[in-house]
Amino acid sequence: MNGRTATPQPGDDASIPSAPAPEGRGLDPLTARRRFITVSFLFWLPIGMSIATGVLLFTDRGLGLAAIAGFFAVHSLTAAAMELPTGGLSDVIGRRTVLATAGLLNCTAFTLFGLAGAAWAITLGMALMGCARALSSGPAEAWYVDTVHAHAGPDADLRTGLARGGSAMSAALALGTLLGGGLPWLLGLGPGVGEWLTDATGGLVIPLSVPALLGALVEIVFVLYVLSALPEPPRPPATLRGVVGGVPAAIAAGLRLGARDALIRRVLLTASAAGAALAAVELLTPGRAAALMGTAESGALLFASLACAGFLCSALGSQLAPAAARLTRSSERAVLAGGGVITLGLTLLGITTGSTSPWATAAAVTGYGLVYLGLGVAGPNANDLLHRRVDASGRATALSVQSLALQLVAAAAGLTVGILPLGPLPWLLAAGVVLAVALLWVRRAAAGPQVPLPSARPVPAGSTPER
């Protein structure tokens with residue numbers, strides 16, 4: 001990839017109806033960018049708040065680690081199973097409706113986490129959150145790209161907006177992690193505040209559940225903002241027949257993306273490599289932190305601090321993504337550079353395994369930060385390439401395919417890391433995977449027209465689906 005717009009040749013789209021444009025020219029790109037950033041921040045802030053206290057809350061409710069691991073498995077499997085269907089649904093009935101539904105599902109899930117202690121309720125909450133994760137994986141970004149293209153055309157700059165959205169997500173996760181870990185601690189500082197809260201609610205609300213309940217309130221704000229601030233062009237009326245017929249077609253078209261286009265295949269493989277890197281970091285770092293600090297409790301605090309720092313590094317990387325593309329003279333080379341930074345970070349984490357000396361610790365912390373920095377640089381540039389290759393009819397579906405690739409490989413990598421002996425091998429194996437995929441970007445992809453997914457469009461009332 002060279003970062004140039006892959007514009008269709010005259011006549012390529014003659015038989016393909018373009019996405020309807022809003023009246024006039026719609027929102028200007030700067031306004032669309034601000035709203036995309038706000039939506040990204042509001043969606044991820046409650047999730048960040050749940051990171052620091054989630055496991056501790058479930059443990060305090062009397063649930064064992066095996067049950068908690070099962071809860072998280074329910075979340076991952078639900079998200080993976082729903083990824084493509086919900087991506088196609090967004091292309092059929094609209095981005096705003098799907099995003100608002102995701103917020104409502106998350107609101108319900110956080111309420112269950114904050115108030116319920118039964119295993120079935122938490123399992124239901126995890127399933128709802130998995131559905132919300134799948135619903136949210138493409139619509140906001142697809143709305144932003146559609147809006148910018150409708151106003152400024154297909155040559156409009158996307159990298160800056162995508163980078164700012166990635167930075168907002170990372171900043172929300174970082175801030176949420178700090179809030180989620182700090183609120184229960186602050187409640188414990190006041191004389192009897194935590195005990196009063198527990199007694200006043202009959203044990204229904206405890207200090208550890210406050211972040212989840214606050215997250216539910218943030219989700220309500222998210223839903224209201226989405227419904228009021230994300231205008232969409234009118235779509236053909238979506239009938240049950242149209243939805244049922246359109247979504248499977250969108251799924252099938254999404255699954256064919258990688259097979260039809262080498263550039264899209266590289267983007268999907270890059271997402272898969274990111275999944276492998278994240279699986280190694282998220283599974284192996286907590287144990288190393290506990291070993292360094294000497295106790296699980298202090299190790300958990302250190303890991304929360306590292307997670308916050310990692311999100312900030314990811315935000316910085318996203319901010320640097322447009323500059324990286326300009327410096328390397330293409331989005332392709334920027335993805336390659338990001339992959340190199342990730343590989344270096346994983347390698348540092350691998351070669352310092354087993355040592356708690358100051359230099360090894362400093363190198364490991366540096367490696368941790370480099371992994372997230374590289375992910376931040378590579379992500380917006382890879383997505384910029386994807387959006388220039390896929391047209392509006394299947395943009396959310398393409399993003400769902402990308403998210404599915406990341407999640408499935410992350411799950412497989414997690415299982416692999418779990419059976420490998422502790423030491424440098426898991427880290428270096430993940431580094432090898434990332435490096436192999438990054439090297440695919442050495443060759444520049446040929447420019448080509450956008451890939452249309454016409455079967456993903458809704459079917460107007462009274463008509464029959466295209467065959």
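These are my notebook entries on a predicted model of one protein chain.

**Ground rules.** I number residues from 1 along the chain as its sequence is written, and I leave hydrogens and water out of side-chain values, which use heavy atoms. Because the model is predicted, local features need pLDDT of at least 70 and side-chain atom pairs count only at pLDDT 80 or more, while totals for chains, interfaces and linings use all residues.

**Overall.** I counted 16 helices and zero strands; these are DSSP runs numbered from the N terminus (helices H or I, at least four residues; strands E, at least two). The chain has 467 residues, and 52% of them count as buried. Buried means under 20% relative accessible area, exposed over 50%, and partly exposed in between, with a 1.4 Å probe and protein chains only. I then looked up contacts (heavy atoms within 4.5 Å). Of those with a separation of 6 or more, 85% join residues 24 or more positions apart.

**Cores.** A nonpolar core is a set of buried Ala, Val, Leu, Ile, Met, Phe, Trp, Tyr and Cys residues joined through side-chain atoms within 4.5 Å. The largest one has 77 residues, and Phe58, Phe113, Tyr144, Phe222, Val281 and Leu346 touch the most other members. Helix H1 (residues 29-60) gives this core its largest share, eleven residues. I followed Val281: beyond its neighbours within four places in sequence, Val281 contacts Pro286, Leu346, Leu349, Tyr368, Val371, Tyr372 and Trp427. A second, separate core has 15 residues, including Val267, Ala382, Val390 and Leu399.

**Aromatic rings.** I found seven aromatic pairs. Rings of Phe, Tyr and Trp (its six-membered ring) pair if their centres lie within 6.5 Å; planes under 30 degrees apart count as stacked, over 60 as edge-to-face and the rest as tilted. Phe311 and Tyr372 are edge-to-face, with 6.3 Å centre to centre and 80° between the planes. This pair links distant parts of the chain, since Phe311 is in helix H12 (residues 296-328) and Tyr372 is in helix H14 (residues 358-389), 61 residues apart. Phe311 counts as buried because its relative accessibility is 13%; Tyr372 does so at 7%. Tyr372 also pairs with Tyr368: the centres are 5.2 Å apart and the planes at 45°, so this pair is tilted. Tyr368 and Tyr372 are four residues apart in helix H14, therefore about one helical turn separates them. Tyr368 is buried too, at 3%. Elsewhere I noted one aromatic cluster formed by Phe43, Trp44 and Phe222.

Most residues other than glycine have a negative phi. I found that Arg329 has a positive phi, near 75°. Arg329 sits in the loop between H12 and helix H13 (331-351). Arg329 is exposed, because its relative accessible area is 69%.
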